[in-house]
Amino acid sequence: MPSQIPTIFKVSGVSFCKEVIKKLEKNQILKMELDPENKYDKLAIKIVTLEDEMCGFVPKKIKVGEDDIELNKLVHQKFDKLSRKYNLKVYEIYEWNGPSGLEVIFEKKSLS
């Protein structure tokens with residue numbers, strides 16, 4: 001199983017956050033918060049705006065090529081490093097008649 005965290009991934013649980021997703025803009029900086037009280041997943045990681053508005057979650061599992069990756073577990077293990085060295089930004093917002101979709105990107109913070 002690969003231990004590489006994808007740079008870009010789709011956020012899960014966005015259907016519960018439609019109003020917030022509608023207000024997002026491409027390249028907007030977001031943040032991650034550990035959610036140990038989550039009754040469905042003790043490794044859950046929320047994705048929120050800088051104003052603490054919920055956008056969704058880091059997905060539990062994703063498929064990268066032929067591999068299934070436990071993404072939230074990997075992000076959980078590297079949470080401090082990721083938060084310190086990378087910005088989480090809105091990469092793409094998909095809108096259609098059903099729930100909207102959201103992709104985010106880890107982008108290395110500039111040293112300046």
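Which side chain meets that of K31 in a salt bridge? The partner is D52, with N and O 2.8 Å apart. This contact belongs to a predicted model, and the structure holds eight salt bridges.

- D52 is partly exposed, with a relative accessible area of 48%.
- K31 also counts as partly exposed, at 27% relative accessibility.
- Through salt bridges that share partners, K31, E33, K46 and D52 are joined into one network.

**The pair E107 and K89**

- A salt bridge links E107 with K89, and the closest N and O atoms are 2.7 Å apart.
- Because E107 lies in strand β8 (residues 101-108) and K89 in strand β7 (residues 86-94), this pair ties together parts that are 18 residues apart in sequence.
- E107 counts as partly exposed at 32% relative accessibility, whereas K89 counts as buried at 15%.

**The pair E19 and K22**

- E19 and K22 form a salt bridge in which the closest N and O atoms are 3.5 Å apart.
- These two residues are three residues apart in helix α1 (residues 18-23), which means that about one helical turn separates them.
- E19 is exposed, with a relative accessible area of 55%, and K22 is exposed as well, with 53%.

**A buried acidic residue, D41**

- D41 is found in the loop between β2 (29-34) and β3 (45-49).
- D41 is buried yet has no salt bridge. The nearest side chain of opposite charge, that of K60, is 4.3 Å away, and a salt bridge requires a nitrogen within 4 Å of a carboxyl oxygen.
- The side chain of D41 makes a polar contact with the side chain of N72 at 2.5 Å.
- The D41 side chain also reaches the backbone nitrogen of L43, at 2.9 Å.

**A positive patch on the surface**

- K78, K81, R84, K85 and K108 gather on the surface in a patch of positive charge.
- Helix α3 (residues 79-85) provides the largest share of this patch, namely three residues.
- K85 lies in helix α3 and is partly exposed, with a relative accessible area of 38%.
- That value meets the patch requirement of over 30% relative accessible area.

Conventions
Residues are numbered from 1 along each chain as its sequence is written. This is a predicted model: local features need pLDDT of at least 70, side-chain atom pairs count only at pLDDT 80 or more; totals for chains, interfaces and linings use all residues. Side-chain values use heavy atoms; hydrogens and water are left out. Patches are made of residues with over 30% relative accessible area and no salt bridge: like charges are joined within 9 Å, nonpolar side chains (Val, Leu, Ile, Met, Phe, Trp, Tyr) within 5 Å. Accessible areas come from the Shrake-Rupley method with a 1.4 Å probe; for residues, only the protein chains shown count as cover. Lys and Arg count as positive and Asp and Glu as negative; His and the chain ends are not counted. The place of a charge is taken as NZ of Lys, CZ of Arg, CG of Asp or CD of Glu. Helices (H or I, at least four residues) and strands (E, at least two) are DSSP runs, numbered from the N terminus. Buried means under 20% relative accessible area, exposed over 50%, partly exposed in between (1.4 Å probe, protein chains only). A polar contact is a pair of N or O atoms within 3.5 Å; within protein, one must be able to donate a hydrogen and the other to accept it, and residues adjacent in sequence count only if both atoms are side-chain atoms.
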